Amino acid sequence: MQKKIKLKVNGVWKYGWAQAGQSLLDFLRKDLFCTEVKHGCGRGDCGACTIIMDGKAVNSCLVLALQAEDTTILTSKGLGTKENLHPLQRAFIKKGAIQCGFCTPGMILAAKALLDKNKNPSREEIQRGLSGNLCRCTGYKKIVDAVESAAQEMTESSRNSNNIEEAGI
Amino acid sequence: MEIRNHLFPLSIKEAIEMLKNEGNRAQLIAGGTDLIPAIRDRSNKCEVLVDMSKIPELDKIELLNSTIQLGPRVTMDQTENSELIRKEATALAEGSSLVGGPQIRNRATIAGNIVSAQPAADAALSLFCLNAQLKIFGVRGERIIKIEEAYLDVGKSTIDPTSEMVISIFFKKQGDEEISVFKRMAKRNALALPVLNCAVWIRKKEDKFSEVRIALGPVAPIPIRIKRAEESLKGEKISLKNIEIAAEIAAESASPRNSQFRGSGAYRKEMVKVIVIDAFKTALYRLNVEDF
């Protein structure tokens with residue numbers, strides 16, 4: 001059985017034929033060419049395939065494509081552009097939180113989901129927020145540093161924009 | 001055999017009809033975090049998925065009088081973060097917070113944790129100390145069972161996902177002198193199999209234990225209540241000595257296997273004492289009992 005489904009990926013409605021039993025990970029990569037979503041363990045242990053679906057971080061290998069019908073999905077490509085990076089992307093580069101880069105898309109989305117819920121997390125909360133993602137290169141310290149620094153930057157910039165609004169500029 | 005159909009019923013009744021029509025070839029899917037890998041590695045042979053995700057109202061956590069009721073699609077993330085569960089069913093909030101990682105907890109359900117019937121399941125174990133009951137609806141009608149009755153063997157539940165659905169999980173909220181706690185030993189904090197886990201519920205009356213429940217996993221093919229240790233504390237004075245006696249009984253009653261992943265049986269049996277005592281200390285601390 002296959003069915004044509006639509007889902008909103010990074011702000012754009014996409015259509016594709018999803019097979020019964022096909023994982024959302026496979027559908028995103030092979031049918032919608034979202035190869036920024038990485039295929040790691042395929043069983044929910046590594047977090048490389050993390051996406052944000054309807055506001056929640058999920059392992060796309062543990063969601064079936066047909067379950068994603070009419071959902072809104074964010075992948076790392078939807079976060080920022082090369083010219084205009086998201087603060088998390090900028091912080092990962094600045095802090096050297098990337099080595100081989102395979103875990104990075106999932107790691108950044110897990111961090112995004114955390115910051116959406118908790119704008120000012122402690123280091124411990126960051127570690128917990130990223131506990132579903134494995135990185136075999138960095139030893140995690142720089143990743144936690146990057147998330148901490150992005151959170152600070154995001155809080156400051158939202159404070160500045162509030163000030164501008166209050167000043168009526 | 002691969003999955004040949006994936007159905008989305010809009011009501012519980014329709015879901016059961018669909019299961020009935022497909023015989024035992026169809027299976028219910030809730031969070032899918034256990035089922036999807038099992039289908040992929042062919043250890044589960046189902047051909048048709050009956051998906052609960054479009055049935056409304058199944059993801060509610062409700063308090064009716066003094067009973068807390070969870071719908072079958074309530075996720076670990078919900079029970080971990082619900083104010084009501086944290087305050088009134090503390091062990092469940094703690095147990096769910098330790099399952100997998102955040103991505104898993106956003107999908108995995110409490111009901112699924114029970115039906116998967118793993119002796120080490122963190123969320124399900126806490127339901128043992130809360131004396132939870134389950135309402136089940138299926139091809140053969142409706143029934144209510146105690147959580148203990150949901151388990152047959154490792155990975156085998158008495159609840160058959162090819163013909164019936166857990167429609168509600170319910171238990172009493174913690175009263176004034178009552179508290180529950182969940183403890184776990186594992187190699188890592190996240191995405192790790194527990195070496196041991198323990199859930200304890202206490203009701204105290206003045207300086208005595210009025211009633212206690214002690215649940216342990218994975219020390220047998222199914223999660224177990226240590227009733228003999230519970231009895232030993234009933235009506236007894238709250239003291240470290242009495243807790244140590246109960247912990248000793250718990251270790252005697254436990255029969256953990258040697259496991260490549262969890263550690264040797266002898267080590268884990270010894271550790272049962274430690275985890276039980278630790279659980280009681282935390283529980284009593286939460287009840288503001290300090291000198292014992």
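Begin by selecting domain 1 and domain 2 of chain B in this predicted model, where 23 residues of domain 1 are in contact with 23 residues of domain 2.

Next, select α5 (90-96), α8 (122-129) and β8 (151-153) of chain B, the elements that give two or more residues to the side of domain 1 that touches domain 2. Here α8(B) supplies the largest share, six residues, and the residues of this side of domain 1 of chain B divide by class into twelve nonpolar, seven polar and four charged.

Now move to the open sheet of chain B, whose four strands run in the order β11-β12-β13-β14 with antiparallel pairing. Strands β11 (178-186) and β14 (224-225) of chain B stand at the edges with a single partner strand each, so one side of each has no neighbour in the sheet. If you then select β13 (residues 208-217) of chain B, you will find that β13 and β14(B) pair over two bridges, and that B:R225 in β14(B) is the bridge partner of B:A215.

Finally, show both chains, where 20 residues of chain A are in contact with 22 residues of chain B. Strand β4 (residues 56-59) of chain A gives the most to chain A's side, with four residues, and that side has eight nonpolar, nine polar and three charged residues.

How values were computed:
Residues are numbered from 1 along each chain as its sequence is written. Chains are lettered from A and ligands numbered from 1 in the order in which they are written. This is a predicted model: local features need pLDDT of at least 70, side-chain atom pairs count only at pLDDT 80 or more; totals for chains, interfaces and linings use all residues. Two strands pair if DSSP finds at least two bridges between them. Two residues are in contact if their C-beta atoms, placed from the backbone, lie within 7 Å. Ala, Val, Leu, Ile, Met, Phe, Trp, Tyr, Cys and Pro count as nonpolar, Asp, Glu, Lys and Arg as charged, and the others, Gly among them, as polar.
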